[in-house]
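Me: Hi! Could you walk me through this one with me?
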Amino acid sequence: MQYNAKAPYLVETHWQIDEVKDGDSIIISNLFTRLRKEIRLYGLDAPEVKYNRKMKEDEQKTRLAAQFLIQLGLEALHYVLEVAPPKTVVTIITEQDNFYDYWNRQLGYVILPGGECLNDLLLINGFAKATDEYYCGRLAEFQKMNRKAQLKKRGIYKHVKKF
C-alpha cells in the first residue's frame with residue numbers, strides 16, 4: 001500500500017471491529033475509551049445487503065434484480081467476516097483532506113493485524129468495485145485492482161461482468 005506523501009494522514013491505532021455492516025462499512029470501538037464509530041472504506045463500493053434507497057439506484061444502474069444484488073452483497077459481507085471478523089484489532093488511516101462521506105461517516109483505509117489493507121483485499125478478490133463516489137488518493141490503483149479482479153473473474157465477478 002502506497003500513500004501520497006503530499007496528503008497528510010490521521011493514523012488511529014487500538015481499535016477493534018465491533019460489527020461488519022456490509023462489504024464496505026464497519027463499526028469499530030477504541031480498546032481503551034470504548035468510543036464507537038462507523039468507518040466507510042475508501043474508494044470502493046460493495047453491493048447492498050438489504051433493500052434501501054441505494055439498492056434502487058443500483059438496480060437501475062446495473063439492470064440486475066435487487067434479490068440478486070443482495071446475494072452479491074452477502075458474498076461481500078461474508079468475505080469481510082472471514083478476513084476481518086468482530087474483535088479484529090485494526091488501524092485506521094484517514095486522509096485529512098477527505099475525512100467524511102456524505103452521510104458523515106469517517107472514511108478510512110482499514111489495516112489488519114498482518115499489515116494487509118482490507119480495502120485492497122476486497123478489490124483484489126472481487127468483492128467490491130472501485131468508485132470515485134468515495135474519493136481517495138489511491139483511486140487509480142484501486143481501479144487497476146478492480147479491473148484485474150474482473151478479468152480473472154474473482155469474487156462477485158464469477159457471477160457478473162460488472163455491478
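Reply: Happy to. Helices (H or I, at least four residues) and strands (E, at least two) are DSSP runs, numbered from the N terminus. This is a predicted model, where local features need pLDDT of at least 70 and side-chain atom pairs count only at pLDDT 80 or more, while totals for chains, interfaces and linings use all residues. Residues are numbered from 1 along each chain as its sequence is written, and side-chain values use heavy atoms, with hydrogens and water left out.

Me: Thanks! Which element gives the largest share of the lining of the largest pocket?
Reply: That is α1, with three residues. A pocket here is an open set of points on a 1 Å grid over the protein atoms alone, with protein on both sides within 12 Å along at least five of seven lines, and lining residues have an atom within 4 Å of a point.

Me: And which residues lie nearest its centre?
Reply: Asp 22, Glu 48, Asn 52, Lys 54 and Arg 105, out of 19 lining residues. Two or more lining residues come from each of β1, β3 and α1 (53-62).

Me: Switching topic: is β6 mostly covered or exposed?
Reply: Strand β6 (residues 106-111) is mostly covered, with six of its six residues buried; buried means under 20% relative accessible area with a 1.4 Å probe, protein chains only. Gln 106, Gly 108 and Val 110 point one way, Leu 107, Tyr 109 and Ile 111 the other.

Me: Which strands does β6 pair with?
Reply: β3 (residues 36-41) pairs with β6 in the parallel sense over three bridges, and β5 (residues 89-95) is joined to β6 by three bridges, running antiparallel. Pairing needs at least two DSSP bridges between two strands. Arg 40 stands opposite Leu 107, and Ile 93 has Tyr 109 as its bridge partner.

Me: What about the largest nonpolar core, which residues have the most contacts inside it?
Reply: Ile 28, Val 90, Tyr 109, Val 110 and Leu 122, in a core of 45 residues. Such a core is a set of buried Ala, Val, Leu, Ile, Met, Phe, Trp, Tyr and Cys residues joined through side-chain atoms within 4.5 Å. The largest share, eight residues, comes from α2.

Me: What is Val 90 in contact with?
Reply: Leaving aside neighbours within four places in sequence, the contacts of Val 90 include Trp 15, Ile 28 and Val 110; contact means heavy atoms within 4.5 Å.

Me: Last one: where does UniProt put the TNase-like domain?
Reply: The unreviewed UniProt entry places it at residues 11-159, though such annotations may be inferred rather than shown by experiment. That span is 32% helix and 28% strand.

Terms used. Buried < 20%, exposed > 50% of the residue type's maximum accessible area, 1.4 Å probe, protein only. 1 Å grid on protein atoms, 1.4 Å probe; cavity = no way out; pocket = protein on both sides within 12 Å on 5 of 7 lines; lining within 4 Å.
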